[in-house]
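Subject: Structure handover

Hello,

Here is the structure for your set. Please look at it first; my notes follow below.

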Amino acid sequence: MRTDMFQQSLEDLNGSTADIEASALISTDGLMMASALPQGMDEDRIGAMSAALLSLGERTAKELTRGQLERVLIQGAQGYVIMTAAGPEAVLTVLAKSNAKLGLIFLDIKRAAEALSKLI
């Protein structure tokens, strides 16, 4: 039941804008809780990398006195990977197109992360 709600939230996020291509909810241990990812992506690897990167981002922000981490952003030639905490126990990872309007996506991600954190 809860997994269905996670899945629906991810699908709603993906449908909120054409710039979002995929999303996943991952435990801080790196285990996939729900995903709306394209076929062929290795969910175990994505889960492990997302959890590790968010944890490293939090430590970096703390050590460099930048305050609480809001998101980790990776920009590649084919688009963006954006990770943010969804409560203390999960990571929301989103894939966005290279020409995406990041301000709007950040707002959609923040809303989705808040909604998912309440479900967890």
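Does E58 count as buried, partly exposed or exposed? E58 counts as partly exposed because its relative accessibility is 40%, where buried means under 20% relative accessible area, exposed over 50% and partly exposed in between, with a 1.4 Å probe and protein chains only. This is a predicted model, in which local features need pLDDT of at least 70 and side-chain atom pairs count only at pLDDT 80 or more, while totals for chains, interfaces and linings use all residues. Residues are numbered from 1 along each chain as its sequence is written, and side-chain values use heavy atoms, with hydrogens and water left out.

Around E58

E58 is found in helix α2. Helices (H or I, at least four residues) and strands (E, at least two) are DSSP runs, numbered from the N terminus. Not counting residues up to four places away in sequence, E58 touches L69 and A85; contact means heavy atoms within 4.5 Å. E58 and L69 are eleven residues apart in sequence, and their C-alpha atoms are 5.5 Å apart in space.

Helix α2

Helix α2 covers residues 43–63, and its 21 residues should span 30 Å at 1.5 Å a residue, which agrees with the 30 Å between its end C-alpha atoms. The expected span of a helix is 1.5 Å times one less than its number of residues. The buried residues in α2 are I46, G47, S50, A51, L54, G57 and A61. They cover an arc of only 130 degrees around the axis, which puts them on the same side of α2; the arc is that of the directions from the helix axis to the C-beta atoms. Exposed residues D44, R45, R59 and E63 sit on the face of α2 turned away from its buried side. The cover over the buried residues of α2 includes β1 (20–27), β2 (32–36), β3 (72–76), β4 (79–85) and β5 (90–96).

Both ends of the helix have a local feature to report. At the start of α2, a side-chain oxygen of D42 comes to within 3.1 Å of the backbone nitrogen of D44. Just after α2, T65 has a positive phi of about 50 degrees.

The sheet

Five strands make an open sheet in the order β2-β1-β5-β4-β3, with antiparallel pairing; two strands pair if DSSP finds at least two bridges between them. β2 and β3 are at the edges with a single partner strand each, so one side of each has no neighbour in the sheet. From one strand to the next, the twist averages 10 degrees. Axes are lines fitted to C-alpha atoms, for helices over the stretch in contact, and angles run from 0 to 180 degrees between N-to-C directions.

β1 and β5 pair in the antiparallel sense over seven bridges, and I20 has A96 in β5 as its bridge partner. β3 and β4 pair in the antiparallel sense over five bridges. These two strands, β3 and β4, form a hairpin with two residues between them, and G76 stands opposite G79 in β4.

S27 is in strand β1 and counts as buried because its relative accessibility is 12%. Leaving aside neighbours within four places in sequence, S27 is in contact with M33, A51, E89 and A90.

The 15 residues of α1 reach 21 Å from first C-alpha to last, close to the 21 Å expected at 1.5 Å a residue. Its buried residues are F6, S9, L10, L13 and N14. They line one face of α1, because seen down the axis they fall within an arc of 135 degrees. D4 and G15 are exposed on the other side of α1. The cover over the buried residues of α1 includes β1, β2, β5 and α3.

Helix α3 (residues 102–119) lies across β1, β3, β4 and β5 and runs at about 35 degrees to β4. With 18 residues, α3 reaches 25 Å between its first and last C-alpha, close to the 26 Å expected at 1.5 Å a residue. Buried in α3 are I105, F106, D108, I109, A112, A113 and L116. Down the axis of α3, these buried residues fall within an arc of 165 degrees, so they line one face of the helix. The face of α3 turned away from that buried side carries exposed G103, L104, K110, R111 and K118.

Regards

Definitions and conventions. A polar contact is a pair of N or O atoms within 3.5 Å; within protein, one must be able to donate a hydrogen and the other to accept it, and residues adjacent in sequence count only if both atoms are side-chain atoms.
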